Amino acid sequence: NKIIANNLQDNVFLLGYFKESNKNSAFDVADICVLPSFNEGFGMTVLESYRQKTPVITTTATPFKEIDKMQFGWYIKPDKIELKKAIGLALSIKKQEINKLGENGYTYMKNHYDISNFNYSYNRLYSWILGYGDKPEFIVD
């Protein structure tokens, strides 16, 4: 009703749940992804969005504070005022800037969350545990 009341039906779409096969297509045509979560264990939606180079507005209930630090999206408190402000900001910037945010997010997430990075870290960890390698720098005493 708010979308219609504000005459945004040509710009805002509430799509609901998608299975994997359709999810990538939705991200491909989206300018931004909004995940206004109050309680999120990890927030796979954020990684899925950046995999498709779609910037995200999400809340501090997700573990992605680097979005704000690295400035490739919006990481906000989970409240209506912050959400409205972030959406307004996202809608006010040029498509070229939106695309740049998506590219930056894609690069960051790929470098930090890609499965190959985890495989490399696991191999180093287990090699060290079994006595075949040096202690990895990510092991903190």
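This is a predicted model: local features need pLDDT of at least 70, side-chain atom pairs count only at pLDDT 80 or more; totals for chains, interfaces and linings use all residues.
Asn 117 is partly exposed, because its relative accessible area is 28%. Residues are numbered from 1 along each chain as its sequence is written, and side-chain values use heavy atoms, with hydrogens and water left out.

Asn 117 lies in helix α7. Helices and strands are DSSP runs numbered from the N terminus (H or I, at least four residues, for helices; E, at least two, for strands). Which residues does Asn 117 contact, leaving aside neighbours within four places in sequence? They are Lys 110, Asn 111 and His 112. Contact means heavy atoms within 4.5 Å.

## α6 against α7

Two packed helices are described by the angle between their axes and the distance between the axes. Helix α6 covers residues 95–113, and helix α7 covers residues 115–129. They pack at an angle of about 25 degrees, and their axes are 5 Å apart. Axes are lines fitted to C-alpha atoms (for helices, over the stretch in contact), and angles run from 0 to 180 degrees between N-to-C directions. That angle makes α6 roughly parallel to α7. The classes are roughly parallel under 35 degrees, roughly antiparallel over 145, roughly perpendicular from 65 to 115, and oblique for the rest.

From α6, the contact uses Lys 110, Asn 111, His 112 and Tyr 113. From α7, it uses Ile 115, Asn 117 and Phe 118. By type, the residues of this contact are 3 nonpolar, 3 polar and 1 charged. Nonpolar covers Ala, Val, Leu, Ile, Met, Phe, Trp, Tyr, Cys and Pro; charged covers Asp, Glu, Lys and Arg; the others, Gly among them, are polar.

## The parallel sheet

Strands of a sheet pair through backbone hydrogen bonds, either parallel or antiparallel. Here, 3 strands form an open sheet in the order β1-β2-β3, with parallel pairing. Two strands pair if DSSP finds at least two bridges between them. The edge strands are β1 and β3, each pairing on one side only. Neighbouring strands are turned by 10 degrees against each other on average, direction ignored.

β1 and β2 share 3 bridges. Cys 33 has Val 56 of β2 as its bridge partner, and Leu 35 stands opposite Thr 58 in β2. Helix α5 (residues 80–92) packs on the sheet and touches β1, β2 and β3. The direction of α5 makes about 170 degrees with that of β3. β2 and β3 are joined by 4 bridges. Thr 59 stands opposite Ile 76 in β3.

## Strand faces and Thr 58

In a regular strand the side chains alternate between the two faces of the sheet. In β2, Val 56 and Thr 58 point one way, and Ile 57 and Thr 59 point the other way. In β3, Gly 73 and Tyr 75 point one way, and Trp 74 and Ile 76 point the other way. These β2 residues are all buried, as are those of β3.

How accessible is Thr 58? Its relative accessibility is 1%, so Thr 58 counts as buried. The Thr 58 side chain makes a polar contact with the side chain of Thr 62, at 3.5 Å. A polar contact is a pair of N or O atoms within 3.5 Å; within protein, one must be able to donate a hydrogen and the other to accept it, and residues adjacent in sequence count only if both atoms are side-chain atoms. Beyond its neighbours within four places in sequence, Thr 58 contacts Leu 35, Val 46, Ile 67, Trp 74, Tyr 75 and Ile 76.

## Helix α3

Which residues of α3 (residues 44–51) are buried? They are Val 46, Leu 47, Glu 48, Ser 49 and Tyr 50. Their cover includes α2 (20–29), β1 (33–35), β2 (56–59), α4 (66–70), β3 (73–76) and α6.

## Positive phi

Most residues other than glycine have a negative phi, and most peptide bonds are trans. Asn 7 has a positive phi near 55 degrees. Asn 7 lies in the loop between α1 (2–5) and α2, and is exposed at 59% relative accessible area.

Gln 71 also has a positive phi, of about 55 degrees, although it is not a glycine. Gln 71 is in the loop between α4 and β3. Its relative accessible area is 59%, so Gln 71 is exposed.

Technical notes: Buried means under 20% relative accessible area, exposed over 50%, partly exposed in between (1.4 Å probe, protein chains only).
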